[in-house]
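Please open the model in a viewer and keep the selection tool at hand.

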Amino acid sequence: MFFVIPTEVGTDFYTDWEDATSGTLYGTQGSVLLLYSAPILLIAVLAVPYLLLSGGQDDVLAEKKSPGLRLGTFPVLVDGVFGVVTAAEFIGIAMFVAFVLWAVYWYTVVNFEILPSYGDITAFEKRVQMLQMSAYIFGLTALTCLAFLFLPVARGSILLRLIDIPFEHATRYHVWLGNLTMFLLTMHGLCYFIVWFIRGIVIKSIIEWKSDGGANFAGIICYCFGFTMWVTTLPLVRKRFFELFFYTHQLYIIFVIFFALHVGDTYVSKAAGGIFLFMLDRFLRFCQSRKNVDVISATSFPCGSVSLVISKPKNLHYNALGFIFLRVREISWLQWHPFSVSSSPLDGSHHLSVLIKSVGEWTGKLRKSVSDQLVTQQLCEPNSSIVASVEGPYGHESPYHLTYKKLILVAGGSGISPFLAILSDVLHRIRDDKPCLPREILIIWAVKRSNEISLLATIDMDSICPSYSDKVNVNICVYVTRESEPSLEDGEIEKLISLNTRSRGGSMSVLVGTGNKIWSGAYVIVSILGFLITLALLDVCYLNPYGISAWWYRGILFVGCMVVSVIIFGGGVIYFWHCSENVTRTGEEDSGESERISYMLDQETARNKLRENTNVFYGHRPDFKEIFGSVSDSWGCVDVGVIVCGPHTLQSSVAKEIRSQDLRRKDDSPVFHFNSHSFDL
């Protein structure tokens, strides 16, 4: 519909559709809702039975494909403003750009055709009128982008689960759409301002608040908040002033409110699908994050990193490539930071761990807090603890790292965290004879200082899978870039373990969109039905009997219906979901404690054993051309999964070499598949 409506045929169809549905229960807003937002909501509803009926992880691993290039893992662009872009993403970008050009072109054609209807006006006035209609065109096109803008940032969205795109990947699409939306909105406002200036009605038009059309003043306020959010997303601002970026992005609430006041209910209906699914996700995250969560243990490493082991219920599942959002109230009540999970779900059913590097103000305060707790515990309070709030876990619906027979894991600095989880996951599965394809794992890790190598001590491969070397070949190559020779001091690991924390918090809540499929699906379906019921009651009981026609008023009531349906109908499902969580947890409480205690590793022993598998190179960075060339000559014709977790420069270097190797590969050479596990908020 987005492609068809701008054309002359589409415009005629849209007019006829509005006329045919204007007398129905939902009126004009219902017809627009059915055309634009209903397909998105319908897909969300149908995704629930699909996910329930689709095969599990074992079925995914059983699928065998002959080695070959794939659109989703072949890098087309490896540098530039978009970063690394796969073939599938490039096609998506091209389609969206084509849509914008298509829409602007056809809207302009239609405007030229209706220009004579304005009567006998001068050539100059015709140009002014065309500029005004062009402003309207940019607004309509921006509205289409806005319909998709909120979908990628719904972290636990049923749609992201359906297409198996994790949140850390989807944030890129949100950034791209945000830039395009702001460009179109800027053109929308700029063209109107030029028209107002030419006609000498700037002040009058700015403060105008129509009841039978767009409320200009509300639109200007909406744009100001949107522009403020956009400016703080620029790399120079976001990286230097992350807190400013984080706090200003909460203005999206005011942005949506004034957007509804500006365009009214009919136009809000075009973007309602994406906004509503985002509301569902945001409310569920709010409910999950209310709970205090125990940090079972905290380990401080000499390189400045901190490992946290967090309590979770047995029925909260995640993949090895998952991640969580963490808040520690002792540091900040408002800041949430994302961290990759460094543990495998098979490490234990009652905990997960994250590895956090001290690189900024928040992480620096966290490390200091861990050190202070250690001192307090040793001196006078053996039961001292850290309590956090957690959102997640999020990540891929299926463990794609298990679908490759051979893996190359490329990490930069703290990017080693998810690869420790992958390594543990593979070893657990091999030990337990669970479906697992990887039998060759090469880890390439670039660090600045040699003291970071101590992070490898968080995993003891021999204790997980005795004699693992007979079943899987693991090679770890560490590149220390800022040291020319080994350090004389290995450094010691400071350790803080606090097990008696039940009085302050508990386990993570299972109220997450990526959790139980039945409950999360019921939450989506009941909320959508509740929205339709609430909207119908509003029309029948208030709008139609009292003849409410003001655009801005109907727009804010429409948004109010979405909020009410999420809180009342969705909240009801969350309440019963939460009750089932408590019932389930009662039966597993006692059995979990011994498992938590047994998880703590003898890190000194683990570090000594890892030296047998680790090659350390000092004074230079990894030569990916040499590394991939050697792999290409020795591994044969096979799909090789390459997962990169690190800065943009690292991703770009790896993607460039993968593209080069795949384009000139021979029949008996491996096919490299690029996968990124990095995202930048």
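**Nonpolar cores**

Begin by selecting L308, which touches V295, S297, A298, L326, L352, S353, V354, I356, L366 and V370, leaving aside residues up to four places away in sequence; contact means heavy atoms within 4.5 Å. The model is predicted: local features need pLDDT of at least 70 and side-chain atom pairs count only at pLDDT 80 or more, whereas totals for chains, interfaces and linings use all residues. Residues are numbered from 1 along each chain as its sequence is written, and side-chain values use heavy atoms, with hydrogens and water left out.

Next, display the largest nonpolar core, of 115 residues, where L308, I310, L326 and M562 have the most contacts inside it. Such a core is a set of buried Ala, Val, Leu, Ile, Met, Phe, Trp, Tyr and Cys residues joined through side-chain atoms within 4.5 Å; buried means under 20% relative accessible area, exposed over 50%, and partly exposed in between (1.4 Å probe, protein chains only). Helix α12 (residues 252-289) supplies the largest share of this core, 21 residues; helices (H or I, at least four residues) and strands (E, at least two) are DSSP runs, numbered from the N terminus.

**Rings and charges**

Now select W209, Y542, Y546, W552 and Y553, a cluster linked by ring pairs. Rings of Phe, Tyr and Trp (its six-membered ring) pair if their centres lie within 6.5 Å; planes under 30 degrees apart count as stacked, over 60 as edge-to-face and the rest as tilted.

Finally, select R155, whose charged end sits over the ring of F325, 3.6 Å from its centre. The charged end of K406 sits over the ring of W635, 5.3 Å from its centre. The criterion is NZ of Lys or CZ of Arg within 6 Å of the ring centre and within 35 degrees of the ring normal.
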